[in-house]
Amino acid sequence: MLIRKPTELRYSDVTPKSVYLNRRRFLAGSVALGALAGTARAAISKLEAGKTSYNVGDEKITPLEVITHYNNYYEFGTGKEDPSENAGKFRTQPWTLKVEGEVAKPKTLDYDALFKIAPLEERIYRHRCVEAWSIVVPWIGVPLNALLKQVEPSSKAKYVAFESYYDPGQMPLGRYAGIQLPYVEGLRLDEAMHPLTLLSVGLYGETLPNQDGAPIRLVVPWKYGFKSIKSIVKIKLVASQPATTWNMSNAREYGFYSNVNPHVDHPRWSQATEQRLPSFFKNHPTQMFNGYGDQVASLYSGMDLKKNY
């Protein structure tokens, strides 16, 4: 993949809309995807231009070409370019999301129903991958807490478990992923209810590309990227800490909490600095909680964040 050098362009100028829409062959290649995109675009178009709930100040938005062509999505291949090459025909319509478990009002939602939960918001978030690269993404979605409040968690609910879609027929490369599928993740309930935690349906002013987790993915900006599970089909509120895919695969390297912490090295490399794409250099200082400490540090008051990595 060609990674371009940084420019002085702002978010709206990084890639002209007429150009990046033409690049989105994954939308043009399927009638079902076209219908899905229409639903989302109608809602996204109602967003007030330039309005964001959260942003990262003067930091530059990562170019769309990078966001959509440098991905971890092992169901479509383990190389960074594999998902953009292999996910184009992934069928994301119709889609069903189940919310169940320790709740008073379990729900089964189709894709359209997601847009009735709460008004869509644009949020520009930093993201840090445990592999030591980072990006800045303009997501579009709804706060996860808006959905969780509707199902009314019971007093027994302490954690939230997530499960992604897995179909070996559509995702044949999943058998070579080296991890157990379907992909599962989890948060503590207070983490899931935090205002920063987002259910995303779009980025860069458009619907989510398949390789970025269409049609619905989780975004948790103060945690390493693998916590932000893609293509979610089930959310279950539970009493005990749920299993998570990478922790099951290698608990020594991937803890349940996975908060961005420059003071706790990955067993095979330092986390003190990161490569902010599209730069080639690992010279960007890593911030505690990825720079969201003012908002989330209180969630971990009194915890040993080296033990609870």
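This note sets out several local features of the structure, which is a predicted model.

1. The first point concerns L208. This residue is found in the loop between β8 (206-207) and β9 (217-219). L208 counts as buried, because its relative accessibility is 4% and the cut-off for buried is under 20%. The C-alpha atom of L208 is separated by 8.8 Å from that of I140, although these two residues are 68 residues apart along the chain.

2. The loop between β8 and β9 also holds P215. The peptide bond that joins A214 and P215 is cis, and its omega is about 0°.

3. Attention then turns to the loop between β12 and α11 (293-296), where F289 is found. F289 is not a glycine, yet its phi is positive, at about 55°. With a relative accessible area of 6%, F289 is buried.

4. N290 has its place in the loop between β12 and α11 too. Its backbone likewise shows a positive phi, in this case about 60°, although N290 is not a glycine. Is N290 buried or exposed? N290 is buried, because its relative accessible area is 2%, and buried means under 20%.

Key. Residues are numbered from 1 along each chain as its sequence is written. This is a predicted model: local features need pLDDT of at least 70, side-chain atom pairs count only at pLDDT 80 or more; totals for chains, interfaces and linings use all residues. Side-chain values use heavy atoms; hydrogens and water are left out. Helices (H or I, at least four residues) and strands (E, at least two) are DSSP runs, numbered from the N terminus. Buried means under 20% relative accessible area, exposed over 50%, partly exposed in between (1.4 Å probe, protein chains only).
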